[in-house]
Amino acid sequence: MQIGQLASATGLSRDTLRFYEERGLIRAERGSNGYRVYAKETVQMVGYIRTAQKLGFSLHEIGDNLPAVWESAAPDQAIAALLADKVSVIDQKIAELNTLRQDLLARVPAGCPMAQAACARNRST
């Protein structure tokens, strides 16, 4: 399958597919004419990449985890473990954001800590 066919099958641009290839997320062989030739399974791989992105995984994370999933004897278990790990990361971020929110709310009634310095400066002029 050539890049135009892959683009049509996945709904992505040729540039995006080339970018994925540069990042090592997908692979192509070169035909005798020098054109990229993708395996049919690449459509499924691109679908996996797009879904993982929608679920909050960065391309770096996807690239790091792709071999473990693709080559796993139990891909369902590999995916489940990745998703569980991502949920843990999100839960930690939510906890950190809740703490930050509470800190911000606690400071609202305190006013500006620089107010006294500003008032002193204005009185001296």
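**Starting at helix α3**

The face of α3 turned away from its buried side carries Q44 and K54, both exposed. Exposed here means over 50% relative accessible area, buried under 20%, and partly exposed in between, with a 1.4 Å probe and protein chains only. This is a predicted model, in which local features need pLDDT of at least 70 and side-chain atom pairs count only at pLDDT 80 or more, while totals for chains, interfaces and linings use all residues. Residues are numbered from 1 along each chain as its sequence is written, and side-chain values use heavy atoms, with hydrogens and water left out.

Now select residues 42-54, the whole of α3: the helix has 13 residues and reaches 18 Å from its first C-alpha to its last, close to the 18 Å expected at 1.5 Å a residue. (The expected span is 1.5 Å times one less than the number of residues; helices are DSSP runs of H or I with at least four residues, strands are runs of E with at least two, and both are numbered from the N terminus.)

Colour T42, M45, V46, I49 and A52, the buried residues of α3. Looking down the axis of α3, you will find its buried residues within an arc of 125°, so they line one face of the helix. The arc is taken over the directions from the helix axis to the C-beta atoms. Their cover includes α1 (3-10), α2 (14-22) and α4 (59-70). Past the end of α3, stop at G56, whose phi is positive, near 95°.

**T42, on α3**

T42 is found in helix α3 and counts as buried, at 6% relative accessibility. Which residues does T42 touch, not counting those up to four places away in sequence? They are L6, I26 and R27; contact means heavy atoms within 4.5 Å.

Axes are lines fitted to C-alpha atoms, for helices over the stretch in contact, and angles run from 0 to 180 degrees between N-to-C directions. Angles under 35 degrees count as roughly parallel, over 145 as roughly antiparallel, 65 to 115 as roughly perpendicular and the rest as oblique.

To see the contact, show Q44, M45, Y48, I49, A52 and Q53 on α3 and L59, I62, L66, V69 and W70 on α4. The crossing of α3 over α4 is right-handed, a crossing being right-handed if the near helix is turned clockwise from the far one by less than a right angle, and left-handed if anticlockwise.

**From α4 to α5**

Select residues 75-107, helix α5; its axis and that of α4 come within 10 Å and cross at roughly 150°. That makes α4 roughly antiparallel to α5. On the α4 side, the contact is made by E61, N65, A68 and V69; on the α5 side, by P75, A78, I79, L82 and K86. Here too the crossing is right-handed, as α4 passes α5.

**Back to α1**

L17 lies in helix α2 and is buried, with a relative accessible area of 0%. Leaving aside neighbours within four places in sequence, L17 is in contact with I3, L6, A7, T10, L12, I26 and V46.

Y20 is also found in α2. Is Y20 buried or exposed? At 2% relative accessibility, Y20 counts as buried. With neighbours within four places again set aside, the contacts of Y20 are L12, L25, I26, V46, I49, R50, Q53 and L59. For a distance check, the C-alpha atoms of Y20 and A73 are separated by 25 Å.

**Last stop: R36**

R36 sits in strand β2. Not counting residues up to four places away in sequence, R36 touches M1, Q2, I3, R18, E21, A28, E29 and R30. Between the C-alpha atoms of R36 and G24, 12 residues apart along the chain, the separation is 14 Å.
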